[in-house]
Amino acid sequence: MRPHVIFRYTGFVMLLNGIFMFISVIVSALYSDNSFFPLLYSGIVSTLIGIFPLIFVPPVTDINNREGFFIVVTSWLITCMVGVMPYVLWGGPFTFINAWFESVSGFTTTGSSILSDIEALPMGLLFWRSTTHWIGGIGIIIFVLSVLPYMGRAGMILYRTEISSLATENFHYRTKKTINILFYVYVTLTLLEIILLLFCGMNLFDAITHSFATIATGGFSPKNVSISYYNSPSIEIVIIVFMILSGVHFGLLFGVISGKISQIWKSSIVRYYIFALIAGTIITVMSVRMHNYDTWLESLRYSAFQIISLGTSTGFATADTSIWPSLTQLIMIFFTLQCACAGSTSGGIKVDRVVIFWKSFQKRLIQFRHPRAIVVPKIDKMAIKEDELEMGILYICVYMGVVFISSILLTSLGLDSLSAFSASAATMGNVGPGFGMVGSMSNFGSIPDIGKLILTGTMLLGRLEIFGLIIFFTVRSWK
Amino acid sequence: MGIRTKIFSGFLILATMLAVAGVWSIYELSNLGASVQKLLDDNYKSISAAKTMIEALEREDSAVLLLILGNWDEGRSIMNSADELFEEGYKIAKKNLTIQDEKSYVDNIRAKYDAYKSLWVKPIVGTNREGDLDWYSDKVHKSFLEVKVSVQDLMNINDRVMYQTASNLKDRSNRAIMPGIVAIVSSLVFSLLFSYFINFYVAGPIIRLTKGIGEFLETQKDFDAKIETKDEILDLANSIRKLMEQTKVNESD
């Protein structure tokens, strides 16, 4: 392990953060708000500390897998720490713990917030808050690699560590091209959504911040009541469409952009993803129509938005789901756990693993009936290897275990069981809102500081797909 | 990039971080001082003026009672001095309009006070109002209470704003302290990083060069110190290598 190599690459990441902080400074200056100095100083510190390793350490391209892995994990941790600076320097409700929570929630694209009055924040800081989603959405490393393509082989190793192991199987391109695809799809979707939201009547600032949050499947809104502030069906439809798209594997989206539209429907993962969202919406519509809304149209409008928002791990809200029937809440908890496809910006267990789990279940079922049968589970005519099956199931078990442990810890801090479980599941899946005291119209501000630290831990575990962070903190792996 | 530039850039970065944090802290602290002064100027002055007006009103109320009891000289003397005191307080309050809607509060005081004054400005002693306690309780005292309430309203609004401003001062003081804290933490992190780089890219190669020279002198082993950077140390290593090769050639000659 060569620490100076890790310093050099994390330096790039800090520099990237610094650039976005300076962009936020411009926003702050345009609105003449009081976040100018906090953002400026954070930008200066981040840029200076980031640039220093680039001065000292000569370019390195021969990084090994272990170094690549550590660069990714340290980049996430350092980025979250750097993201704390503007909040802490601005003050207000941001104690160090609160700022850490907001920063981790932003970069991991969770979207949970400690703020009770978001609109009281200056525009520059709100812009930075949304930017953390956008940077985190694509994964800091991939982003840096797209901007700095000269890294060559080093880029490939960082990419493999950063992106979900399931997603790499679905790309049919060379890694460098894949990184470019991710970047172009990400930027194209963001720009498209900004234009459409402007067309629907949203102002430029809100359109940009909401697009950042949608494409990153984050959920930070500059409004206290999230998307319900606009009470606009057209805005909701645009956001629904982009939430669904952001939950699809970006390689498939690139295929659509390149004219291969049929490719997306050939993917059984995407078919299941869409089918699950439709089925969840239908059940929710029927449930809330009986209890909460007077018309079918109204029920469809709110149900579709909430289910898709949670099912893509975005976390925007147009209704207070805490007052919805228990059946609906259970369905939403399922989507909070499952989330969207691998290779997208969403978190959670991911649709791909749920499909693998189902295939494994089918295999066992057949083998119960025909013990001598050799069953090879397949997804899209491609055989799933035994270790992939095992890893998928193991991941789901460990994932649920972490959610369970986190829930127990939160309950011991005085939270009710629904709030504790949903907060754990929502942060682990990088979804955002839960139920009870952390519902779609509430916030995480009332959770004790230790609870906030536990939840930031689950956010990072979810974002780094559990094993990444566990290995990082296992000291032996440093040797 | 040369070692000199690298080391200089390190110190420059450290100095910039500390300087910017220092300037910002000074800016925030001077703002904090200005806010405290503004707090005193804006709100405390109005509160003090309101207290003066209330004091004057209390005296006027006593003077009215003295006049009703037929005590002309003492009653008028107290009344005149209290009226002057009230106008003095009112003048300060009128000049110090710093809160939104404060003007309406001040105008309300004027209107109520004028109505109150119209009751006792006319002679009382020697008229049918002398000894008329019912007139006092029905009209004068009621009007007195109305003026007093309007003055208290002015005091309350200033009290409220003063409390809010004082609460904001806590946030401002936090903003003045935080750059310092962030600068200290980031400077510490940066110092560790700087020290690591100096050790790895300057001290380490020098130790390797010394060791290589030592080995050459003892065992004539080829000089193979690996230098990663393209700076003065690499130049030094190349020079040493040439010198050793030259020494070997000289020795073989």
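Accessible areas come from the Shrake-Rupley method with a 1.4 Å probe, and for residues only the protein chains shown count as cover. The model is predicted, so local features need pLDDT of at least 70 and side-chain atom pairs count only at pLDDT 80 or more, while totals for chains, interfaces and linings use all residues. Residues are numbered from 1 along each chain as its sequence is written, chains are lettered from A and ligands numbered from 1 in written order, and side-chain values use heavy atoms, without hydrogens and water.

The accessible surface of chain A comes to about 18400 Å², and 69% of it belongs to carbon and sulfur atoms. Chain A has 479 residues, of which 62% count as buried (under 20% relative accessible area).

Pockets were then examined. On a 1 Å grid over the protein atoms alone, a pocket is an open set of points with protein on both sides within 12 Å along at least five of seven lines, and lining residues have an atom within 4 Å of a point. The second largest pocket has a volume of about 860 Å³, a volume being the space filled by probe spheres set on the points, which are joined across faces, edges and corners. The lining of this pocket holds 30 residues, and A:Met14, A:Ile78, A:Met81, A:Val82 and B:Val189 lie nearest its centre. Helix 4 of chain B contributes the most to this lining, with nine residues (helices are DSSP runs of H or I, at least four residues, numbered from the N terminus).

Technical notes
Buried < 20%, exposed > 50% of the residue type's maximum accessible area, 1.4 Å probe, protein only. 1 Å grid on protein atoms, 1.4 Å probe; cavity = no way out; pocket = protein on both sides within 12 Å on 5 of 7 lines; lining within 4 Å. Helix = DSSP H or I, 4+ residues; strand = E, 2+ residues; numbered from the N terminus.
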